[in-house]
Amino acid sequence: EAEKCAGGRIPVASVLGEWRAQGCQAKCALGCVGSSCYCGGYDPMSADLAVELCLPAGKCREACDAHDFANGDWLANPVSSQYHCTGFQVHATKDLCVLLGPFRSPQALAVDEPSCADGAALEVDEDFNHFHRVPGATCTHMSDFGEYAGALHVTRRVDIGVDYVLDPVGTGSIEVANFNSRPVTYNGWGLSADRVMIIDCKGTCGASEPADSVVGATGVGWWAERYAASWYTDSPHYDQETALDTTAPPAITTHVRSWTGFTSAAVEAGSALVAESQWDYSWEQLLRFKDLSFTGAGTFKLCFCDSEHLGADTGCSGISQFTVEVGTVHVSGVACLLQETKYQRSTCVSQLFGGLRCYQAPLAAPRLNAPTSAEAPAAEGGAGTPAAPA
């Protein structure tokens, strides 16, 4: 950067035909109309018109690539340019390009150090950026991958790419569906070691603090203790579960949802609402996190702590454990969301405790099989079945 070569530049007259037409003098002197003119860098008084192409940086690189003869027999193509491009330089703010390279010869093709093709050293110039071609294909050797870009976190247990729509007034919920038949609970009454956390939309799951727009949320510890709806009081992770009561059977409820509260225009816009027969708690296919409310409208990310990635005696207690980005939480209501074209063909499922979870094509809402009273498991550790928390 901030360097250029004063010599070793390929003359416009020696550039291959299709690129020769991009010379500033020939293209711009009499005026040029259209989006591909790039004449903003043309100066009729420039002393370098003989080497200047009016091209942006990306096109300048393409032009240099078109003059790469390092890997072929330079004698086999006598009608081509007699120059091998070893690099290029572009103006920092204008569409101005200069190709660099020596007259083609076997000795000149092996230039592998940043320098000017005529052997001169690079000159400091704040108006130009210099790019040097390095022999060999990129990203083909282990040594090419020396810079750390970040960590990739993978889950095989829950659906991702989900859009959640919550009303900014009142309470709502988040439902996380399983993926590939992987259970998200570890017993028949909805216990799960997994947790979710909501962060700001610009944040990164596994690195960012929880959003302060969730009412009552006081940090990652608050989310760690917020377990999915079940028939038990479940502490944050691995300790023993305890039934609150053993006298009443669980109530199985069928919920058929409609567009109540949303305008007919929202329905006509094309989003489909899927009705599901559900019971009131989490089960192996679905986690329900309820009683969430926000201080106002906004857009957030939903992060998931996958307990399968943790040790046997480790719970979801730290920010670094909420690494999986499940989707986006839109606290605005469906009418606002449907103003965006990409959401107008979404399939949405009404969540039992408020809000929608929506899937954009080609994703589809998973078909879940909620437990029925006949399938409800027997109580563990005593007679009767656990009763719902008060």
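Me: How many salt bridges does a search of the whole structure find?
Reply: The model is a predicted one. Counting a side-chain nitrogen of Lys or Arg within 4 Å of a carboxyl oxygen of Asp or Glu, the search of the whole structure gives a total of 10 salt bridges.

Me: Which residue forms a salt bridge with Arg156, and how many residues apart in sequence are the parts that the pair ties together?
Reply: The partner of Arg156 is Glu308, with the closest N and O atoms 3.6 Å apart. Arg156 lies in the loop between strand 5 (128-132) and strand 6 (162-166), and Glu308 in the loop between strand 13 (298-305) and strand 14 (324-331). The pair therefore ties together parts whose separation in sequence is 152 residues.

Me: Is Glu308 buried, partly exposed or exposed?
Reply: The relative accessible area of Glu308 is 39%. Buried requires under 20% and exposed over 50%, so Glu308 is classed as partly exposed.

Me: Which strands hold Glu175 and Arg288, and are these residues buried or exposed?
Reply: Glu175 and Arg288 form a salt bridge in which the closest N and O atoms are 3.0 Å apart. Glu175 lies in strand 7 (residues 172-177) and Arg288 in strand 12 (residues 286-292), so the pair ties together parts that are 113 residues apart in sequence. As for accessibility, both Glu175 and Arg288 are buried.

Me: In the salt bridge between Glu325 and Lys301, which residue is buried?
Reply: The closest N and O atoms of Glu325 and Lys301 are 3.8 Å apart. Glu325 lies in strand 14 and Lys301 in strand 13, so the bridge ties together parts that are 24 residues apart in sequence. Glu325 has 38% relative accessibility and counts as partly exposed. With a relative accessible area of 17%, the buried residue is Lys301.

Me: Which residues stand opposite Tyr164 in strand 14 and strand 16?
Reply: Strand 6 runs parallel to strand 14, joined by 5 bridges. Strand 6 also pairs with strand 16 (residues 356-359) in the antiparallel sense, over 3 bridges. Opposite Tyr164 stands Val329 in strand 14, and in strand 16 the residue is Arg357.

Me: Is the aromatic pair of Phe88 and Phe131 stacked, tilted or edge-to-face?
Reply: The count comes to 3 aromatic pairs. For Phe88 and Phe131, the distance is 5.0 Å centre to centre and the angle between the planes is 20 degrees. Planes under 30 degrees apart count as stacked, so the pair of Phe88 and Phe131 is stacked.

Me: Is the pair of Trp222 and Trp223 stacked or edge-to-face?
Reply: Trp222 is buried at 19% relative accessible area, and Trp223 is buried at 1%. Their ring centres lie 4.8 Å apart and their planes are at 85 degrees, so the pair is edge-to-face.

Notes. Residues numbered from 1 in each chain as written. Predicted model: local features only at pLDDT ≥ 70, side-chain atom pairs only at ≥ 80, totals over all residues. Heavy atoms only, no water. Helix = DSSP H or I, 4+ residues; strand = E, 2+ residues; numbered from the N terminus. Buried < 20%, exposed > 50% of the residue type's maximum accessible area, 1.4 Å probe, protein only. Pairing = 2+ DSSP bridges. Phe/Tyr/Trp six-rings, centres within 6.5 Å; stacked < 30°, edge-to-face > 60°.
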